[in-house]
Amino acid sequence: MTHASHPAISKRLKRSHGHLRKIIEMIDAGRPCAEIAQQLYAVEKAVQQAKKTLIHDHIDHCLSNPADHEAPQALVAEFREISKYL
């Protein structure tokens, strides 16, 4: 299922992918470790934010209305499954 947030998440991850490619180039070029660590931190935060947005969007749109589902009790299991990634 595609949510309204998915295009923005995809865009963020594509940007992170490019950024990560640049970090690999920094390592290969022998750039200082502090600079590399700083850039890795930025990519890590961007990926964390993408994950958080995806999970919160899923909770808001897929798990928030139990009456709309054929098996509302299954929503608890689904919430447990996705919440372990927070």
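Where is His58 found? His58 lies in helix 2, which covers residues 33–63. The model is predicted: local features need pLDDT of at least 70, side-chain atom pairs count only at pLDDT 80 or more, and totals for chains, interfaces and linings use all residues. Residues are numbered from 1 along each chain as its sequence is written, and side-chain values use heavy atoms, with hydrogens and water left out.

**Overall build**

- The chain has three helices and zero strands. Helices (H or I, at least four residues) and strands (E, at least two) are DSSP runs, numbered from the N terminus.
- From the N terminus on, the order is α-α-α.
- The radius of gyration, taken over C-alpha atoms, is 18 Å. A compact globule of 86 residues would have a value near 12 Å. That rule is 2.2 Å times the number of residues to the power 0.38.
- Along the principal axes, the C-alpha atoms fill a box of roughly 55 × 25 × 15 Å.

**Surface, burial and contacts**

- Of the 86 residues, 21% are buried. Buried means under 20% relative accessible area, exposed means over 50%, and partly exposed lies in between (1.4 Å probe, protein chains only).
- The chain exposes about 6500 Å², and carbon and sulfur atoms supply 58% of that area. Accessible areas come from the Shrake-Rupley method with a 1.4 Å probe; for residues, only the protein chains shown count as cover.
- Take the contacts (heavy atoms within 4.5 Å) between residues at least 6 apart in sequence: 54% of them join residues at least 24 apart.

**Helix 2**

- Helix 2 has 31 residues. It reaches 43 Å from its first C-alpha to its last, close to the 45 Å expected at 1.5 Å a residue. The expected span is 1.5 Å times one less than the number of residues.
- Its buried residues include Ile36, Val43, Ala50, Ile55 and His58.
- The buried residues of helix 2 pack against helix 1 and helix 3 (72–83).

- Is His58 buried or exposed? His58 counts as buried because its relative accessibility is 15%.
- Leaving aside neighbours within four places in sequence, His58 is in contact with His3, Leu63, Glu78 and Ile82.
- His17 sits in helix 1 (residues 6–28). His17 has 52% relative accessibility, so it counts as exposed.
- His17 and Ile82 are 65 residues apart along the chain, and their C-alpha atoms are separated by 23 Å.
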